[in-house]
Amino acid sequence: MASVSQSPVNFSGSLSSATSASDLLRSSINGVNGVPLQTLGKGHVGPRRKGLNIVAKVRKVKKHEYPWPQDPDPNVKGGVLSHLSPFKPLKEKPKPVTLEFEKPLMDLQKKIIDVQKMANETGLDFSDQIISLENKYQQALKDLYTHLTPIQRVNIARHPNRPTFLDHVFNITDKFVELHGDRAGYDDPAVVTGIGTIDGRRFMFMGHQKGRNTKENIQRNFGMPTPHGYRKALRMMYYADHHGFPIVTFIDTPGAFADLKSEELGQGEAIAHNLRTMFGLKVPIVSIVMGEGGSGGALAIGCANKLLMLENAVFYVASPEACAAILWKTAKASPKAAEKLKITANELCKLQIADGIIPEPLGGAHADPHWTSEQIKKAILESMDELQTMGTEELLRHRMLKFRKIGGFQEGLPVEPEKKVNMKRKEEPRPGLISDKVLQGEVNKLKEQIMKAKESSSIDMDQNGLIEKLQREINYEFSEAAKALGIEEKLSQMREEFAKVENGQLTSGQIENLERLKNEFNEKLETAPNYGRLKYKLSLLKEITEAKVFAENYKKTLPLKAKVNEKFKEVLEKSTLKQKIENLKAEVEKSDVSSIEEFDQDLKEKVLEVREEVESEFINALESSGVHVTSKIGQSSMSLVKAKVDELNAEINQIIQDVIESTPDLKSKIEMLKLEVVKDKNTPSKESKEKIEALQQQIKEGVADVMSSAAIKEKYEQLQAELAELSGGSDGSLIKEPSYA
């Protein structure tokens, strides 16, 4: 292969920026690697010269002292940070901008200025009038800014003089160094990033930057980032994650820039990449919405552990104007759209999208930017103190759960009263359309609820809704029956007559007509085609009403039941009784007997004695707490009374049996009664019923003579007196009426 000999080259000139692939190739062949001959200006190529000379002029620039100089320019206000940053204080004070709803305040302010001017010109003392007007102005300002509508907050968030991201950063940081570029060919001025310190703690700051005037707004693209801006923010997120810097993002954009070039460069991909990456960063992230947060353009740097909002900031998926244009076909409906979108800080906190509200001064953040910045600083430090206590896994889970819970609602929770007022009432189905099966299911369900509530000793349910529904169904069935029986016209005529009656007093004739119509309806009701459904629904209503009464009565007894149980526990905890019960338990265990019937007489007496003492103490405790005990019969006393009653009943039955055996006439009547009852057991005739009643009366009269004997009467009265004494006034109804058949 032939070798290419190098020709000596001699040239001079200045470097140019235009370079082509062919030029590079030719320069490489001629022995000058990487430097095109065409770019060397007036270079001379001489094949006979053997030297190579390059002459270039280098422009001298002032060397910057990094990161900041020791003696900044004293003429630049704002200190070192403002000296270094291209974001300088404005030479002219921003022009005041009055929003539409603030005009009444401006009228008051104008009056104050006029009075002050008059005082200066005339030399008179108008201090009282000025103070009165200023107080009125402050009160009007307070009233206005504490009752702002959503669209008014949108206008404040878009206020031209509202502090920007760099305004807040310079106010809250000790030092701040801005970092530029996305390392892909561009530095988007709509997104600013940098490292700063707050009270010695390092943070990575990034946020949307709007302009303070028209010139700056054009330069900053009105705070609407291109894909380069989001990729710059992404680069700084990786940087912060690598070095362990917590991230603070400031959101203030109407949305990502939606021009053709941005779409070609991958606007959607850049936002999506940021969303995915932010959920994996291992450092705490706090986002602050300081103006308006529009759609994905805001969310691309807003996937944080905590989302805080300034009091008058808004956060939305679509602007109120865009929403109004879509839904109501006109942007004039934007106030209504702003209200329905729930975009204010208060509404978003209720929906758990925002985590906190940072207060603003009256008049908005632009009324006192430094005070607002201090509130932001406090909020950042408090949030970071909380988040930095979490481990890495906990921090990532916290961020994930914050967004996973958005939009989740739990059924069965009580509705807030102010929301309930505006809710549309649920329409009940028309009477007659609800099937019997559905009604029966609802009644059974309510019964089950009552039984379950009874087991848990807590009944708290509403039966009135089901009762009203059943009553509507029954009224419907009655009206249908009246139609079928041809009584509806008579009913309507009677209603018209009653409507004309004054003071609600019916005449005797009207009352008779009403009773006649009522009897006619009741007689024919069984022949109505819907009588079966009516009867069934009436039975359901009876069931549910009984269930309601039971629930109400049981609910009333719950407090008393709890009180009784509490007192019984207190009685059992008394040392003397507790000791006796323990001793009795020990004796029962030693006896190896399983039931009380097998106890010996001595042990039975001890058990009865302890039981009586417990009952006595328990009754005394209840009486002392205000619970009146109507019966003081103890278990042992009751068993003794029952034994005596059974003994007297047995004695009476024996005497009656002896009388029957010794009286043939009475015995024959009892036998005749038995035969009559057996003969006509299923369908007794009228004559049979009369005969049975006559025989029963004759037998009772015969037995009554026996019951009136002196011995039995004395025993009965004695036992009744004992029972009345024990039961506190009982009528001795434990004694059974003797059976005669």
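How many salt bridges does the count come to? The count comes to 19 salt bridges, a salt bridge being a side-chain nitrogen of Lys or Arg within 4 Å of a carboxyl oxygen of Asp or Glu. The model is predicted: local features need pLDDT of at least 70, side-chain atom pairs count only at pLDDT 80 or more, and totals for chains, interfaces and linings use all residues. Residues are numbered from 1 along each chain as its sequence is written, and side-chain values use heavy atoms, with hydrogens and water left out.

Individual pairs are described next. Glu 386 and Lys 306 meet through their side chains in a salt bridge, at 3.6 Å from N to O. This pair links distant parts of the chain, 80 residues apart. Glu 386 belongs to helix 15 (residues 369–387), and Lys 306 to strand 6 (residues 306–310). Helices (H or I, at least four residues) and strands (E, at least two) are DSSP runs, numbered from the N terminus. Glu 386 is partly exposed, with a relative accessible area of 38%. Lys 306 counts as buried, at 13% relative accessibility. Buried means under 20% relative accessible area, exposed means over 50%, and partly exposed lies in between (1.4 Å probe, protein chains only).

A second bridge joins the side chains of Glu 477 and Lys 537, at 2.8 Å from N to O. Glu 477 lies in helix 19 (residues 464–485) and Lys 537 in helix 22, so the pair ties together parts that are 60 residues apart in sequence. Both Glu 477 and Lys 537 are buried. The side chains of Glu 520 and Lys 490 also meet in a salt bridge, at 3.5 Å from N to O. Here the link runs between helix 21 (residues 508–524), which holds Glu 520, and helix 20 (residues 488–500), which holds Lys 490; the two residues are 30 apart. Lys 490 is partly exposed, with a relative accessible area of 41%.

Salt bridges also form a network. Its members are Arg 158, Lys 210, Asp 252, Glu 292 and Glu 321. Thr 253 is found in strand 4 (residues 247–253). At 0% relative accessibility, Thr 253 counts as buried.

Helix 22 was examined along its length. It covers residues 531–572, which is 42 residues. At 1.5 Å a residue, helix 22 should span 62 Å; the end C-alpha atoms are 59 Å apart, which agrees. The expected span is 1.5 Å times one less than the number of residues. Helix 22 bends by about 35° at Leu 558. A proline, Pro 559, follows within four residues. The bend is the angle between axes fitted to the seven residues ending at a residue and the seven starting there. Buried residues of helix 22 include Leu 534, Lys 537, Leu 540, Leu 541 and Ile 544. Also among them are Ala 547, Ala 551, Tyr 554, Leu 558, Lys 567 and Val 571. An α-helix has 3.6 residues a turn, so residues three or four places apart point the same way.

Ile 326 is exposed, with a relative accessible area of 57%. Together with Leu 327 and Trp 328, Ile 326 makes a nonpolar surface patch of about 310 Å². Patches are made of residues with over 30% relative accessible area and no salt bridge; like charges are joined within 9 Å, and nonpolar side chains (Val, Leu, Ile, Met, Phe, Trp, Tyr) within 5 Å. Accessible areas come from the Shrake-Rupley method with a 1.4 Å probe; for residues, only the protein chains shown count as cover.

Cys 323 also lies in helix 12. At 11% relative accessibility, Cys 323 counts as buried. Cys 349 counts as partly exposed, at 24% relative accessibility. The structure holds zero disulfides, a disulfide being a pair of cysteine sulfur atoms within 2.5 Å.

Backbone angles complete the results. Most residues other than glycine have a negative phi. Lys 329 has a positive phi near 60°. Lys 329 is found in the loop between helix 12 and helix 13 (334–341) and is exposed, with a relative accessible area of 70%. Lys 342 has a positive phi of about 55°, although it is not a glycine. Lys 342 sits in the loop between helix 13 and helix 14 (345–350). Lys 342 is partly exposed, with a relative accessible area of 36%.
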